[in-house]
Amino acid sequence: MNDDDDLMSSFHSDQLHANVASVPDGLCWVSVLSCLLLACSYVGSLYVWKSDLPRDHPAVIKRRFTSVLIVSALSPVFVWAWKEFTGIQPGPSLLALMGIRLEGLIPAIILPLLLTMVLFLGPLIQLAMDCPWGFINGMKVVVDPCFWTLCLGDMRWLRNQVVAPLTEELVFRACMLPMLVPCAGPSTAIFTCPLFFGVAHFHHVIELLRFRQGTVSGIFLSAGHLVGPVLCHSFCNYMGFPALSTALDHPHRLTILSFYVLGVVLFFLLIFPMTDPFFYGFPTPVCTLTSTSGSICS
């Protein structure tokens, strides 16, 4: 490391300590209550419309689109109010803290999604084996405007692939992590977010009485970008929970199960290198809110 790097590292360290030094008493309570209020607002917005129709009915989906989009648009106000109430004055802007920035954008689009696809290597191989189309025909479908027109006209597709990933990652990652990091530190905050995320998804248990797959994309917000978690969340919604029972009954089960194991092993081998802040601009804005050292912010 040269003198310039030492100088920048020292500057960032001083900046982190300066931010933490002004942390008031009771910060954790304020942060947790703010996140809980935000989570309840999100979930509550789904039930402001009284209807006997099922949740997958287009009319129900459109109404819920309206309410969750309003809550999501207002969610940065929660972060701003938390910042004003606690007196924490971060260096980065509010949008940067929420992962909306240009620096490191291309790696943030590619690397987290690629890493998630590695985790789903087994299901992807299984899907390719069972797909009736060849590779060329599949690509023709993907680039066909009619295919995307049908998708955009399907309310369930819009909910699962666009609106739910965007609004949930904005509310439960981009807005909550900046409030939790100064209190709990980056590592603990990233694994605390799913607790609030679970509040938003408990209603699915009531409505569907079945397990719904969570998202593995929360950790990618440590890269300082919102776009990566959104894309990963959308991909996970598309893939669904891995069909292990189907894989066990597949004619090529040994091959598929081998890729299942390979995907998990590669995921854990690549997760830290591919989420290294070096690719996304160091330090990431969220990490400026704490002086806690760790693999996520270093």
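Colleague: Which residues touch the most other members of the largest nonpolar core?
Modeller: Those are Phe172, Met176 and Phe196, out of 37 residues in that core. Keep in mind that this is a predicted model.

Colleague: OK, and which helices supply at least two residues each?
Modeller: α2 (27–45), α3 (58–86), α9 and α10 (186–208) each do. The most comes from α9, which gives 13 residues.

Colleague: Back to Phe196. What is it in contact with, leaving aside neighbours within four places in sequence?
Modeller: Phe196 is in contact with Val32, Cys35, Leu36 and Ala39, and also with Phe172, Met176 and Leu180. Phe172 and Met176 are the other two residues I named for touching the most core members.

Colleague: What does the second core include?
Modeller: That one is separate and has eight residues, among them Ala108, Leu115, Ala223 and Phe267.

Colleague: Switching topic: how much space lies in the largest pocket?
Modeller: About 890 Å³.

Colleague: And how many residues line the pocket, and which lie nearest its centre?
Modeller: The lining has 22 residues, with Leu127, Gly138, Val142, Phe147 and Tyr238 nearest the centre.

Colleague: Where does the largest share of that lining come from?
Modeller: From α7, with five residues. Helices that each supply at least two include α7 (135–142), α8 (145–152) and α11 (227–239).

Colleague: How does the lining split by class?
Modeller: There are 18 nonpolar and four polar residues, and no charged ones.

Note on methods
Residues numbered from 1 in each chain as written. Predicted model: local features only at pLDDT ≥ 70, side-chain atom pairs only at ≥ 80, totals over all residues. Heavy atoms only, no water. 1 Å grid on protein atoms, 1.4 Å probe; cavity = no way out; pocket = protein on both sides within 12 Å on 5 of 7 lines; lining within 4 Å. Points joined across faces, edges and corners; volume = space filled by probe spheres on them. Helix = DSSP H or I, 4+ residues; strand = E, 2+ residues; numbered from the N terminus. Nonpolar A, V, L, I, M, F, W, Y, C, P; charged D, E, K, R; others polar. Core = buried A, V, L, I, M, F, W, Y, C linked by side-chain atoms within 4.5 Å. Buried < 20%, exposed > 50% of the residue type's maximum accessible area, 1.4 Å probe, protein only. Contact = heavy atoms within 4.5 Å.
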